[in-house]
Amino acid sequence: MSLLGAVLVLVVAVSGARGSLRNVTAEILGPGSAGNMAAFGDFNSDKLTDIFIVSLGNELKIFLADLKATPYFSPKVRLPLGDDVVITSVVPGDFNGDSQMDVLLTTVPKGHAGTESPLSAVIYWAKNQTLDINYKTSLNATYSDEPLIMDFNGDMIPDIFGVPSGSTVPLIIYGGIQLCVATKQCLLDLPASLDRDLSTRATLNTTNKMAKPHSHAFIDLSGDFTADLFLTTVSTSGGIQFETWINEGGNFTEPSYTIPQPKDAKIIGQSAFADFDGDGFQDLLLPACEDEKCEKSVIYLWKRDSKQWVPVLQNFKNQNTVWGFIPLSSSSAMPITLRFGDYNMDGFPDALAILRDTSGSNQQAFLLENVPCKNTTCSRVFDVHWEISDLNQIKDALAAAFFDIYEDGILDILVLGKGLSEGNNAVHVLINNFEADAYFVKVIVLSGFCSSDCPHQVKPFGVNQPGPYIMYTTVDANGYFKNASAGQLSQSAHLALQLPYNVLGLGRSANFLDHLSVGIPRPPGEKEIRKQEWTAIIPNSQLIVIPYPHQTPRSWSTKLYLTPSNIVLLTAIALIGVCVFILAIIGILHWQEKKADDREKRQEAHRFHFDAM
């Protein structure tokens with residue numbers, strides 16, 4: 001065994017996989033952070049992810065990250081809307097293709113939140129990394145539910161997919177220059193290929209009514225690296241069903257079959273997608289309740305090759321307390337939602353969920369770890385971490401999401417808890433003190449309208465791009481092939497709280513990634529898949545993919561930023577220690593040899609003296 005190999009074995013032996021959560025809200029957010037966290041995105045293009053918080057229901061605050069500041073996040077951008085409206089959703093994105101982050105807000109009149117009142121949608125255009133109340137475009141349509149932000153026509157500009165009030169047919173409003181030209185609220189020196197009128201719309205020829213609240217998604221479900229359209233609709237029996245519109249040649253084709261809801265489920269939560277078992281394909285996970293009060297909760301898994309629902313978590317009992325999901329009809333105005341992230345970097349996505357004590361009123365956020373199944377009937381299941389002290393101390397939790405606070409590849413946790421007054425909820429920040437020799441790769445795919453020559457010297461990093469798909473292939477520590485995949489910003493409605501990047505765990509393998517593949521949506525009629533592959537990616541690195549130009553994947557560029565882990569320091573210390581030890585042995589042996597040489601020289605000198613006599 002080589003010296004370096006011995007050192008690595010020593011380091012692995014002494015560094016275990018330890019992790020805990022620590023509440024650091026005061027030093028991260030500071031005062032003035034009351035409100036509802038609504039979205040994430042790099043608003044000022046500094047490669048640090050910012051937090052969008054709605055304060056008092058009618059003011060948007062963007063807490064910008066600053067590595068050198070205390071607190072870490074500060075509300076540098078504010079957008080007050082007035083006292084007559086309530087903000088129901090926030091979706092950041094570059095809706096006109098100028099590589100600056102705009103913001104789409106949906107609102108209802110004050111006093112109508114939580115009712116069937118139609119949603120108004122307004123886009124506030126970014127200008128010089130700020131927002132102006134007068135620098136906006138109001139969409140002509142009002143919506144019956146929060147829209148899905150997706151790239152319907154494959155031009156890498158987010159489009160708006162939603163059902164207008166009084167209709168059952170989804171309408172797609174394309175993003176582009178003319179989305180803001182009508183009100184002269186955007187920069188015009190952009191590529192002519194982006195020129196589209198605000199009235200340019202499309203419809204989806206679906207015969208089924210959209211479910212409400214929906215959990216539509218824009219993500220690759222066929223394995224071709226091109227995002228498909230996943231819809232939650234109402235079946236003829238009045239239940240929930242799921243449709244997958246596969247993208248073939250840039251066009252969404254009507255599904256040949258629909259996925260029914262689980263037969264024992266009475267209440268259906270928000271569908272979510274993750275590569276649950278690490279096979280490189282996205283799986284559908286569905287939280288549900290088998291009774292009206294959610295006293296019997298369950299999480300189902302649907303794999304594309306199994307064609308059946310399989311429960312991956314049914315035991316919600318902790319000692320003598322039974323926990324369960326919170327139905328939408330109760331005091332919670334949020335649908336049942338799972339939010340995914342690889343908490344321990346083992347390559348399998350974990351989840352966060354809000355559960356309620358079925359015998360009381362306490363509701364908390366819980367971490368669901370993705371662990372191997374103990375029997376042969378399944379591959380992996382969820383295991384609830386009931387005892388995480390700092391997480392358990394947050395009572396009346398409303399939502400929880402993963403977030404990489406220090407951009408070090410370790411996913412921390414943000415928890416939204418009830419505040420002292422309505423609309424003034426509290427955001428709690430819990431740092432993940434994960435100490436293990438596990439590795440990761442962090443990938444974000446940009447819009448690719450420019451690389452280094454963007455108009456007005458705009459940095460192209462601050463865009464939330466829906467639709468890209470990422471997958472890696474590598475060899476684990478045991479020599480077996482390992483895959484993992486993820487879609488970027490696949491869902492946007494009903495407080496999806498998805499990150500603009502993906503952190504894929506690699507486990508305890510320090511090997512280079514053999515292959516990292518990235519695909520983006522393609523326009524109608526284009527048969528060639530827009531996909532590029534890179535090899536020998538260094539672990540613990542952040543990869544920024546710039547798909548420019550879109551139609552030439554071999555010309556896409558990447559920027560790689562390395563994040564050293566604790567094992568690097570441990571390895572260096574161990575290596576230095578071993579070297580010092582070896583040098584000490586060499587020194588001792590050299591000293592003993594020198595003493596022996598001196599003794600021999602004296603003996604030789606003494607023998608010569610008597611011979612001379």
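Me: Why is Cys 294 called buried?
Reply: Cys 294 comes out at 0% relative accessibility, and buried means under 20% relative accessible area, with exposed over 50% and partly exposed in between (1.4 Å probe, protein chains only). That puts Cys 294 in the buried class. Keep in mind that this is a predicted model, where local features need pLDDT of at least 70, side-chain atom pairs count only at pLDDT 80 or more, and totals for chains, interfaces and linings use all residues. Residues are numbered from 1 along each chain as its sequence is written, and side-chain values use heavy atoms, leaving out hydrogens and water.

Me: How do you know that Cys 294 is in a disulfide with Cys 289?
Reply: Their sulfur atoms sit 1.9 Å apart, and the cut-off for a disulfide is a pair of cysteine sulfur atoms within 2.5 Å, so Cys 289 and Cys 294 qualify. The link is right-handed, with 90° about the S-S bond. Cys 289 also counts as buried, at 0% relative accessibility.

Me: How many disulfides are there in the whole structure?
Reply: A search finds 2. Besides the Cys 289 link, there's one from Cys 373 to Cys 378, at 1.7 Å from S to S.

Me: What does Met 37 touch?
Reply: With contact meaning heavy atoms within 4.5 Å, and leaving out residues up to four places away in sequence, its partners include Ile 51, Ala 399, Val 415 and Leu 497.

Me: What makes the link between Gln 282 and Ser 485 a polar contact?
Reply: The two side chains come to 3.1 Å. The limit is a pair of N or O atoms within 3.5 Å; within protein, one must be able to donate a hydrogen and the other to accept it, and residues adjacent in sequence count only if both atoms are side-chain atoms. So the pair passes. The Gln 282 side chain also reaches the backbone nitrogen of Ala 274 at 3.4 Å. Gln 282 lies in the loop between strands E20 (272-274) and E21 (283-289), yet counts as buried at 8%.

Me: Why is strand E37 called largely enclosed?
Reply: Because 5 of its 7 residues (513-519) are buried. Strand E34 (residues 469-475) pairs with E37 in the antiparallel sense over 5 bridges, and pairing takes at least two bridges found by DSSP. Met 471 stands opposite Ser 517 in E37. Strand E38 (residues 531-537) is joined to E37 by 6 bridges, again antiparallel, with Val 518 opposite Gln 532 in E38.

Note on methods:
Helices (H or I, at least four residues) and strands (E, at least two) are DSSP runs, numbered from the N terminus.
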